[in-house]
Amino acid sequence: MAFGAFQSNASTAAQPSGALVTQRKSPIALLLLLPGVLYLILFFLTPLLSLVLTSFQAPVPGGFAGDYETAFQWQNYTVVLETYWPHISRSFVYALLATVFALMIGYPIAYVIGVKLREYPLWQALALVLVIAPFFISFLLRTIAWKQIFADEGILMSALKGLQVIPPDAYFTGTPAAVIFGLTYNFIPFMTLPIYTSLEKLDLRYLEAGGDLYAHPATVFWKITIPLSLPGILSGTLLTFIPAAGDYINASRDFLGSTDTQMIGNVIEANFLILQNFPAAAALSLLLMAAILVLVTAYVKRSGTDELL
Amino acid sequence: MLEASAPVRGFADAGADLSLVNVSKRFPGFTAVDDLSLEIPAGSFFALLGPSGCGKTTTLRLVAGLEEPTAGSILIGGKDVTLAKSHQRPVNTVFQSYALFPHMSIMENVAFGLRRRRIDNADTLAREALDLVELAHLAHRKPSQLSGGQQQRVALARAVVNRPALLLLDEPLGALDLKLRRQMQLELKEIQSEVGLTFLHVTHDQEEAMTMADTVAVMNQGRIEQMGAPVELYELPKTAFVATFLGQSNLFTGKVGNSTSDTMTISAAGVGITVPLSRAHVHRGTVTVGIRPEKVALHRHKPADGNRTVLGPGRVLDASFSGVSTQYLVAVPGYADVTVFSQNTSESDSARNGDEVYVSWSPDHAFGLSDHPVGDSGKFAADTDTGSLAVAERERLEAELEES
């Protein structure tokens with residue numbers, strides 16, 4: 001684009017302003033956008049539309065379970081809100097806690113890799129690989145592995161019971177703590193990498209200037225390092241919170257959860273695949289989307305990162 | 001409030017003395033500062049002058065507390081601060097990169113140091129400091145919305161507002177264009193006399209150092225070659241490095257021939273070059289004598305005055321006109337090329353390339369050095385910075401590879 005603009009400026013030197021305007025509307029630009037636009041129409045708009053339509057469907061009178069017809073049954077929304085209110089709020093509480101823990105763990109990791117290891121490129125590269133390494137194993141397998149580790153008769157629990165650190169009837173899998181642990185663990189790389197990208201660019205001379213201006217290292221961290229890495233914190237928390245709120249693996253009974261830890265993702269899954277209550281599942285999905293959209297918009301507005309640099 | 005019990009904590013009434021005692025700073029592979037001792041009296045404007053990689057910025061960082069010395073101690077106002085962290089020192093720095101916090105407004109930047117020390121009327125003081133640098137109208141802007149010169153003034157205000165005992169300036173004018181630099185030099189000097197702080201200014205610009213500082217220390221390879229008032233350094237340089245880094249010099253090396261009670265003459269290629277003993281650091285053996293180009297006169301015919309040192313005849317290799325003066329390069333057989341600065345006054349002779357000329361000067365203007373020039377490029381110190389050594393080594397290896 002830049003080259004094109006330059007060229008057309010050179011060839012139509014008589015009306016350079018006109019050249020710029022026509023460049024904006026160039027058919028080539030639209031053509032280049034086409035694959036992306038088609039992709040979005042096909043894989044985002046169509047399913048969304050189908051989801052919206054499904055969410056208003058009503059059961060066919062006298063039909064089998066799973067038979068629905070097009071209608072405008074907006075009560076679907078109030079019904080699911082009433083029925084699944086605990087799951088919805090649980091989802092956001094779990095996701096919020098997991099995001100906070102992932103930030104507390106991910107930020108120091110990102111700081112060490114992005115700032116402390118700058119002088120040692122080899123160690124920096126190695127540490128980055130270690131952050132990404134879990135991705136080489138499937139998400140499901142890793143979560144199952146944790147289930148094994150935390151199992152009531154597993155090595156960790158039996159050792160702790162043997163040492164009488166915990167009572168003999170204690171258990172961990174199936175508790176909210178286990179679900180939040182799983183969520184935190186699985187999303188740490190998504191938190192760490194964006195923060196690392198921000199910290200890696202951090203100009204350490206600002207920190208020196210802070211010290212020179214009588215700021216204690218802790219003050220330098222709060223007043224300078226954190227604000228300057230805010231874009232990374234913002235994307236890291238979003239990349240953790242949004243998928244964590246909709247996660248249905250960690251909270252599932254087959255993994256780290258139990259019937260008491262079901263999140264909205266599990267409910268949607270159950271309604272779609274087991275209960276075959278498609279309108280309820282669609283309504284819940286849309287409610288989840290809307291809730292996340294509202295929360296995220298408020299969060300981004302509040303953090304005011306657009307003012308940064 | 002807090003300040004009632006702690007009366008404006010840390011505000012210096014006046015500048016403080018700075019002493020460096022046998023300070024060394026070694027990095028793996030090279031020594032940046034080598035056994036440096038320095039005494040800067042309170043209220044003075046001191047310049048550390050040297051080429052890049054000479055250790056001047058490291059010295060400044062040691063004083064600011066951004067580096068720890070390998071050996072030696074640093075005293076500010078008689079108090080040993082060698083082990084103090086940067087935020088504990090009564091020192092502020094104007095960084096070469098300015099390092100203005102990009103996420104804060106100009107006002108917040110300037111008030112930052114005051115707020116850290118919980119000074120009551122931080123806003124008023126910050127506004128006054130911005131007034132001093134005539135930028136009060138931009139107080140609400142972000143640093144990225146300011147020009148380089150304005151950012152430089154904000155950096156200065158941010159440091160000066162804290163009334164530090166010692167203000168460190170790390171080539172703060174380097175990024176400015178010539179006109180703005182001159183203007184800022186004047187402003188800096190004005191602020192210094194107004195607030196009475198001790199200024200330590202690090203620069204590679206010899207003109208800047210000489211116009212601004214009371215005392216200049218010329219630094220080379222981690223050591224101070226010579227220290228003194230600018231006039232003294234210029235008129236009587238002690239080493240070949242100072243003679244060529246601070247302005248230009250024509251240098252002649254020869255054995256001391258006959259000497260009288262107050263002069264000595266070295267013989268270089270059969271001609272005697274006389275220098276007063278009081279202006280020479282070494283009085284016997286092989287001595288290098290220098291003369292500044294503007295002290296050398298150009299003649300069409302051999303001058304008759306017996307008191308002057310005369311070389312020639314030589315040939316003009318190059319004449320470059322620069323307005324107020326013309327710089328000639330004259331090849332004199334048996335000597336190195338002689339540089340002559342000739343003022344373009346109406347009575348002076350002008351010569352053209354290839355003209356046969358004589359050069360002469362009064363022996364009173366000559367000076368004797370304590371060492372000899374190294375190699376041909378005496379103007380630049382050998383670049384022994386680890387980075388450049390690595391680059392040189394790499395270039396050498398690449399050249400070898402290409403050959404084979």
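**Reading contacts, burial and a helix face**

Author: The contact between the chains takes 18 residues from chain B and 16 residues from chain A; two residues are in contact if their C-beta atoms, placed from the backbone, lie within 7 Å. This is a predicted model, in which local features need pLDDT of at least 70, side-chain atom pairs count only at pLDDT 80 or more, and totals for chains, interfaces and linings use all residues. Residues are numbered from 1 along each chain as its sequence is written, and chains are lettered from A and ligands numbered from 1 in the order in which they are written.

Reader: Which elements give two or more residues to the side of chain B that touches chain A?

Author: Helices (H or I, at least four residues) and strands (E, at least two) are DSSP runs, numbered from the N terminus. The elements here are strand S6 (91–94) and helix H3 (106–116) of chain B. H3(B) gives the largest share, 3 residues.

Reader: How is burial read, and what percentage of chain B is buried?

Author: A residue is buried if 20 or more other C-beta atoms, placed from the backbone, lie within 10 Å of its own, exposed if 12 or fewer, and partly exposed in between. Of the 404 residues in chain B, 39% are buried.

Reader: Is Lys147(A) buried or exposed?

Author: Lys147(A) counts as buried because it has 20 C-beta neighbours inside 10 Å. Lys147(A) sits in helix H6 (residues 139–150) of chain A. Apart from neighbours within four places in sequence, Lys147(A) is in contact with Thr173(A), Phe255(A) and Leu256(A).

Reader: What about Ala336(B), and where is it found?

Author: Ala336(B) lies in the loop between strand S17 (325–331) and strand S18 (338–343) of chain B. Ala336(B) counts as partly exposed because it has 14 C-beta neighbours inside 10 Å.

Reader: Why do the buried residues of H10(A) line one face of the helix?

Author: An α-helix has 3.6 residues a turn, so residues three or four places apart point the same way. In helix H10 (residues 217–228) of chain A, the buried residues are Val220(A), Lys223(A), Ile224(A), Thr225(A) and Leu228(A). Seen down the axis of H10(A), they fall within an arc of 155°, so they line one face; the arc is that of the directions from the helix axis to the C-beta atoms.

Reader: What does the buried side of H10(A) pack against, and which exposed residues does the face turned away carry?

Author: The buried residues of H10(A) pack against helix H9 (204–212) of chain A. The face turned away from the buried side carries the exposed residues Ala218(A) and Trp222(A).
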